[in-house]
Amino acid sequence: MKPKTILVIDDSLVVLQALSMKLRSRGYRVVTAADSSTGISLMRQEKPDLLILDVNFPTDSWDGFGLMTWFRRMEESRELPIVVISGSDEGNYEQRCREAGAVGFFLKPLDYELLLAALRQALHQTPEEQALVALPVVDSPPLRPSQVERPELVLLVEDDKSLRETLELFLQSEGFRVTSVPDGSEGLRQVIATEFHITLSDMVMPNMPGDQFYKEVERVKPHLCRRFIFMTGHQADPRSDAFIRRVHSFMLWKPFPLCDLLTAINVVWKKSQSGPVPSPGLSAKPPLSLAMAAR
C-alpha cells in the first residue's frame, strides 16, 4: 500500500524534526518546509494527502491563516485536510482555524497520540494502516562498557516533553537504547539501577537541576561523570558556565542540529575510555562545546 504523504510547515526546526520522526515511525511519507514560500512549492510538487501547518511565522512571509486561504484557492489543495498546530490560542486561533477549514487544532507541546488519531480520522485510515514501523526496542541485558566499541545505553534527562520525545526518537533511530526521564531526581534513580554509557542532561530542570544531578552522580558513581553531555537554552548564564568549566563537560546550546548530538556522543565516549577521571578541584579549562545556531 502506498504510504500517505504529509506536508509539515513550521518555522521551528525542532518541531519539524520531531514530527518527521514520529510520522515516519507510523509509516507516513513526510516532507517539510520552514517557510511559506517553500511550503507552497512543495504543495505543488508533492501533492500531499494532508497538511500540518503552524499558525505563526516570525518573518514577513504569510502566516498560517494566509497559507490556508491560499491553499483553499489552489485547485490541487482545495479539499486537502489541514491540521493546525500552535504555541498558543491567545488570538482565538482555534476558532479562526476551524472557520478557515482546518480539521484539527493542537497546542504545543504536541500530544502525539491525539494528533495521530486525528490524522487517521482525517485520512480515513484504520489503525492497521497507521501501523508502527519504528525500530523495535531490544529487550536484552545491558552490555558492559568494555564489551562495546560505541555507546549503546543512553540516559536522557529533559523536562521539555516535546524535546525529550524528539531526542528519544532520533537516538533510537540511530540504534541507541534510550531511557528518558523528566528531571534529575528520576535520573538519579536510573543511574543507581543501570550502568549508562552516555548521560544527556538538561541544565535547567525542576526538582533537581543539571549541576545538582551531576554532583549526586559523582557521589554514587563517579566514573559516569566522564560520560555527561549537558544541554541548555540559557546562554551566558554565569552559574552554568562556571559549572561546565569546572567539570570539563560537553555543552550543547539549544536549539542544536541533531547531527551535532551524534558528534558530542562520539567525542565524549572516546574521551571516557582513556585517561583518569578529572578531579573537580582542577583549574578551570574551556569546556568542550559546539556552536548551536539554528539551521
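Predicted model: local features only at pLDDT ≥ 70, side-chain atom pairs only at ≥ 80, totals over all residues.
Biologist: Which residues of helix 9 are buried?

Modeller: Buried means under 20% relative accessible area, exposed over 50%, and partly exposed in between (1.4 Å probe, protein chains only). Helices (H or I, at least four residues) and strands (E, at least two) are DSSP runs, numbered from the N terminus. In helix 9, which spans residues 238-247, the buried residues are S240, F243, I244 and V247.

Biologist: Why do they line one face of the helix?

Modeller: The arc is taken from the directions from the helix axis to the C-beta atoms. Viewed down the axis of helix 9, the buried residues fall within an arc of 95°, so they line one face. They pack against helix 8 (210-220), strand 9 (228-232) and strand 10 (250-253), where contact means heavy atoms within 4.5 Å. Just after helix 9, H248 takes a positive phi of about 60°.

Biologist: Is T199 buried or exposed?

Modeller: T199 is buried, with a relative accessible area of 3%. Its place is in strand 8 (residues 198-202). Leaving aside neighbours within four places in sequence, T199 is in contact with L155, F213, R227, F228 and I229.

Biologist: How many salt bridges does the structure hold?

Modeller: A salt bridge is a side-chain nitrogen of Lys or Arg within 4 Å of a carboxyl oxygen of Asp or Glu. The structure holds 13 of them. One pairs D10 with K108, with the closest N and O atoms 2.9 Å apart. This pair links distant parts of the chain, 98 residues apart: D10 is in the loop between strand 1 (5-9) and helix 1 (13-25), and K108 in the loop between strand 5 (104-107) and helix 5 (112-122). D10 counts as buried at 0% relative accessibility, whereas K108 counts as partly exposed at 25%. D10, D54 and K108 are linked in a network of salt bridges.

Biologist: Which residue forms a salt bridge with D202?

Modeller: The partner of D202 is K254, the closest N and O atoms being 3.1 Å apart. D202 lies in strand 8 and K254 in the loop between strand 10 and helix 10 (258-272), so the pair ties together parts 52 residues apart in sequence. D202 counts as buried at 4% relative accessibility, and K254 as partly exposed at 21%.

Key: Residues numbered from 1 in each chain as written. Heavy atoms only, no water.
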